[in-house]
Amino acid sequence: MHDLLRNTPDLETLDKRYFFHPFTALADHERNGPHVVVKGEGVWLEDNHGARFIDGMAGLWCVNVGYGREEIADVLQHQALTLPYFHSFSSWATDTPILLAERLIEMAPVPMSKVFFGQSGSDANDTQVKLVWYYNNARGKPGKKKIIARNRGYHGVTIVSGSLTGMPSLHSGFDLPLSFVRHTTAPYRLWEAEPGLSDEDFVARLAGDLENLILAEGPETVGAVIMEPVMGAGGVIVPPEGYYPAIRAVLDRHDVLLIADEVITGFGRLGTMFGTTAMAMQPDLVTLAKGITSAYVPLSACMVSEKVWRAIVDGQGALGAFGHGYTYSAHPLAAAAALANLDIIENDGLVEQAGARGAFMHARLQAAFADHPLVGEIRGTGLVGAVEFVARKSPATRFEPALKIAGRVVKAALAQGVITRALPHADTISFSPPFVISEDEITQMVEGARKAADAVMDDLVREKIW
Ligand code: PMP
């Protein structure tokens, strides 16, 4: 089947004719067509013309154990033959989700009580909002319905999670955000803090912004705040020391829940099993997806604290049965893949490895980009990093967004055999490779990106833009 597909000569034509691509400039796509990947091994991808690339993004921050893991493939085959599917509505269950739920609660970064399964980060964050609403209805506080997210936060694209996502370009065109969503300041030092501001003062300002927003809205109307431990798609933004304890103190004063969106950071990306631990967060609800199966099959999970769970159970009498769930909630195939994936992560020591390879990657990024004339900031922690481009370093000045600088660098990097990703809201390219990447491959990835940035700089000079 696989070879048959590979040898189909006109995949590009068929794609242009039939395939509606997500997150794609559609008019450009109609002209230029797709880039078709047909094979993956470790950190390497191969396209349908035989060209090979280092996947510096692990797909979309998700193929953490790398491509071609037979352990997961074997488990999937076995599960598909034993029991491909049965649902979990009305107290029905299958075995692998039960085992996975137990394992997740045992490894949870802060005490958690129950796990609700879905299939994507977006639907999991929708579930979290419904849990917050049900929780507040159940405990007689039906006014507490507003959800606060951050500018540049990424939480998905469904109508609710897309509203939480703090990126105007994902709202315009879709009549978002919904009216109960608010956004607060991101801990984005480059653009939100004047040079020389101490971490302490920056944290005080960010916590103050959140508290002022809650007070302006009325604490009796605010249900929860959702935050990624380290912001991913918004620019790989690492908050300053002390940020989450200060945020938690604000939330405790106003009886507001904290949802940690660990869709990227969960399962080792920051060099700790969960970003919550690395960033000293104390969430009431945790969202997981991506790395839970290393994306071999779709799966997401909401971890729910006892406080929220108990209120929901106790509130059932008045509110009726818990009327929420997907056909594919607790899919046995996905749960089996997750268990195999967690075995690999634990048996191969991949969390520690992500930390060590991350330190190596950051040293390479500093060596390659610190003195680059176009680079305003190099960010990240663990095995996630980013380079932000600026028109001027001091005072930091943005490029015109229409120039799409990050997009140009990504294209030039591809010519070097390196896949990175443009985060256009931040003129930033990001790196989030599989945890199995070797030091040599990291060096190759970073050098390819540096050559790409040089090529773009030459173009900008030639075009008299810079
Ligand atoms: N939350 C975060 C932090 C994410 O990075 C993403 C996806 N990039 C999502 C939620 C949405 O996940 P999905 O695309 O699986 O819906």
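**Two local features, then the overall picture**

1. Pro-177 sits in the loop that links helix H9 (168–171) to strand E6 (181–184). The peptide bond between Leu-176 and Pro-177 is cis, with an omega of about 0 degrees. Please bear in mind throughout that this is a predicted model.

2. Pro-395 belongs to the loop between E12 and helix H17 (405–415).

3. The loop between E12 and H17 also holds Lys-404. Although Lys-404 is not a glycine, its phi is positive, at about 50 degrees. Is Lys-404 buried or partly exposed? Lys-404 has 15 other C-beta atoms within 10 Å and is therefore partly exposed.

4. Ala-330 likewise has a positive phi without being a glycine, here of about 60 degrees. This residue is placed in the loop between H14 and helix H15 (332–347). Ala-330 counts as buried because it has 26 C-beta neighbours inside 10 Å, the threshold for burial being 20 or more.

5. Turning to the whole chain, the protein contains 18 helices and 15 strands. The C-alpha trace spans about 70 × 60 × 45 Å along its principal axes. How does the radius of gyration relate to that of a compact globule? For 466 residues a compact globule would have a radius of gyration near 23 Å, and the protein has 22 Å, so the two agree.

6. Two further figures describe the interior and the contacts. Of the 466 residues, 47% count as buried. Among contacts between residues at least 6 apart in sequence, 72% join residues at least 24 apart.

7. The domain assignment divides the protein into domain 1, made of 35–65 and 349–462, and domain 2, covering 71–347. Between the C-alpha centres of domain 1 and domain 2 there is a distance of 27 Å. In terms of contacts, 29 residues of domain 1 meet 26 residues of domain 2.

8. Which elements supply the side of domain 1 that touches domain 2? At least two residues each come from helix H4 (58–61), helix H16 (350–369), strand E11 (375–381), strand E12 (384–389) and strand E15 (428–431). Sorted by class, this side of domain 1 has 14 nonpolar, 12 polar and three charged residues.

9. Helix H7 (residues 121–138) packs with helix H14 (residues 306–319) at an angle of about 65 degrees, and their axes are 8 Å apart. The crossing of H7 past H14 is left-handed.

10. On the H7 side they are Leu-131, Tyr-134, Tyr-135, Asn-137 and Ala-138, and on the H14 side Val-308, Ala-311, Ile-312, Asp-314, Gly-315 and Leu-319. By class, the contact of H7 with H14 comprises eight nonpolar, two polar and one charged residues.

11. Gly-223 is part of strand E7 (residues 222–227). Why does Gly-223 count as buried? The reason is that 22 other C-beta atoms lie within 10 Å of Gly-223, and 20 or more is the threshold for burial. Leaving aside neighbours within four places in sequence, Gly-223 is in contact with Val-132, Trp-133, Asn-136, Lys-144, Lys-145, Lys-146, Ile-147, Val-256 and Leu-257. Gly-223 and Arg-253 are 30 residues apart along the chain, and their C-alpha atoms are separated by 13 Å.

12. Trp-466 lies in the segment that follows helix H18 (439–462). Because it has 17 C-beta neighbours inside 10 Å, Trp-466 counts as partly exposed. Which residues does Trp-466 touch, not counting residues up to four places away in sequence? They are Ala-391, Leu-460 and Val-461.

How values were computed
Residues numbered from 1 in each chain as written. Predicted model: local features only at pLDDT ≥ 70, side-chain atom pairs only at ≥ 80, totals over all residues. Domains from an automatic or database assignment. Contact = placed C-beta atoms within 7 Å. Helix = DSSP H or I, 4+ residues; strand = E, 2+ residues; numbered from the N terminus. Nonpolar A, V, L, I, M, F, W, Y, C, P; charged D, E, K, R; others polar. Rg over C-alpha atoms; globule rule 2.2 N^0.38 Å. Buried ≥ 20, exposed ≤ 12 C-beta atoms within 10 Å, placed from the backbone. Axes fitted to C-alpha atoms, helices over the stretch in contact; angles between N-to-C directions. Left-handed = near helix turned anticlockwise from the far one by under 90°.
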